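Please look at the sequence and the structure before reading the points below.

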Amino acid sequence: MAMAMAVGGGAEVEEGVTRVLVVDDSPVDRRVAQLLLSSGSCAGSFHVIAVDSAKKAMEFLGLKDGKAIDMVLTDYCMPEMTGYDLLKAVKALNPRKPIPVIVMSSEDEPQRISRCLSAGAEDFIVKPLQSKDVQRLRNCSAARSSNRASPPCECDAAAKRKPLVLPPSAAASPSLPRRASFAGGVAMVLHSSRVELSQHLPLLLKLVVLAYAVVCVGELLHRWSSRGGCSLALWCA
C-alpha cells in the first residue's frame, strides 16, 4: 500500500535531527508543515515524513516499531480515524517510552484541548502552523531527548499551566472556520515559498506588460477600424 510520504521517508537521518511524522488529510496543511519545518532557520533540524491519514501513520509506525520517529504532528479532524484516536494508539505502542504527539486543529474548543492533553498529548496547536509554533515542537523534542525515562514532555505541563495563546483571528471567534484555516494555509505556503516566487518574478512582470500591450493594441485597432469605416462611408457618398 502506497503512502503519501515526503522529504525522503526512507533516507538515512543524521544524528540530532528530529524525525517528525506529519499526519493530515489536507494537502495544503501538510505542505505548510513540510515547508515550515524544512526551510529557513529550521533547515537541517527536522526530517519530515507526511501521510494523509491516521491509518497510514499507524502502518508506518508499526513497520518501524516507533523507532524511526521522534514526534507525531497530527490533525484532530480526519475521516475514519481521528487525530484523537491516533493519539491514544501512539501512546499505547510504548507506554514506558511514548512518542511525543502534538495535536493540531482549526478550532480552539476548550473541551477538545483538555481532552487531548488528558490523553497524553504534549501540546495542542491551532492551525495553520506558524513560525512561532516551531519552538514549541523543539521544546517537546528536547525534553524527550534529554531524559527518555522522565515524566511526560515539559511542554505538556506548561500547556496545562498556561492558557493557550491563540492567533488574533482565533481569539476573535469562538470557532475558527475551515475556510479561514484553508486561506491561512495558502498564505503560509506562499510566504514559505517567497524565495521560489522571487525567481519567477521578472517573468511574471514581462507577462503582465505583454498582456497590457496586447490590450492597448487591440483598443487602437478597434478605434482605427471604427474611424476607417466612417471615412470610407463618406468617400463613397
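The points that follow go from the overall fold to single residues.

The structure is a predicted model, in which local features need pLDDT of at least 70 and side-chain atom pairs count only at pLDDT 80 or more, while totals for chains, interfaces and linings use all residues. Residues are numbered from 1 along each chain as its sequence is written, and side-chain values use heavy atoms, with hydrogens and water left out.

**Overall fold**

- The protein chain has 9 helices and 5 strands; helices (H or I, at least four residues) and strands (E, at least two) are DSSP runs, numbered from the N terminus.
- Along the sequence, the elements of the protein chain come in the pattern β-α-β-α-β-α-β-α-β-α-α-α-α-α.
- Of the 237 residues of the protein chain, 39% count as buried. Buried means under 20% relative accessible area, exposed means over 50%, and partly exposed lies in between, with a 1.4 Å probe and protein chains only.

**Strands β1 and β2**

- β1 and β2 pair in the parallel sense over 6 bridges; two strands pair if DSSP finds at least two bridges between them.
- Within this pairing, V23 has V51 of β2 as its bridge partner.
- Together with helix α1 (residues 27-38), β1 and β2 form a right-handed β-α-β unit. A crossover is right-handed if, with the strands pointing away from the viewer, the path from the first strand over the helix to the second runs clockwise.
- Is β2 enclosed or open? It is largely enclosed by the rest of the structure, because 6 of the 6 residues of β2 are buried.
- In a regular strand the side chains alternate between the two faces of the sheet. In β2, F46, V48 and A50 point one way and H47, I49 and V51 point the other way, and all are buried.

**Strands β4 and β5**

- β4 and β5 pair in the parallel sense over 4 bridges, and the bridge partner of I102 in β5 is D123.
- The chain crosses from β4 through α4 to β5 in a right-handed β-α-β crossover.
- β5 is covered on both faces: D123 and I125 on one side, and F124 and V126 on the other, are all buried.
- I113 lies in helix α4 and is buried, at a relative accessible area of 14%. I113 and F124 are 11 residues apart along the chain, and their C-alpha atoms are separated by 6.4 Å.
- G120 is in the loop between α4 and β5 (123-126), and it counts as buried because its relative accessible area is 19%. From C-alpha to C-alpha, G120 and P100 are 8.5 Å apart in space, and they are 20 residues apart in sequence.

**Nonpolar cores**

- The largest nonpolar core has 26 residues, and L21, V23, I69, V72, L86, V103 and C116 are those with the most contacts inside it. A nonpolar core is a set of buried Ala, Val, Leu, Ile, Met, Phe, Trp, Tyr and Cys residues joined through side-chain atoms within 4.5 Å.
- At least two residues of this core come from each of β1 (18-23), β2 (46-51), α2 (54-64), α3 (83-93), β4 (101-105) and α4 (110-118).
- Which element gives the most to this core? It is α3, with 5 residues.
- There is a second, separate core of 20 residues, which includes L37, L73, M104 and V134.

**The annotated residue D75**

- In an unreviewed entry, UniProt places the feature "modified residue: 4-aspartylphosphate" at D75. UniProt positions are given in the numbering used here, feature names are shortened, and annotations may be inferred rather than shown by experiment.
- D75 is in strand β3 (residues 71-75) and is buried, with a relative accessible area of 1%.

**Backbone details**

- Most residues other than glycine have a negative phi, and most peptide bonds are trans.
- E80 has a positive phi of about 65° although it is not a glycine. E80 is located in the loop between β3 and α3, and it counts as exposed because its relative accessibility is 70%.
- The peptide bond from K127 to P128 is cis, with omega near 0°. P128 is in the loop between β5 and α5 (134-146).
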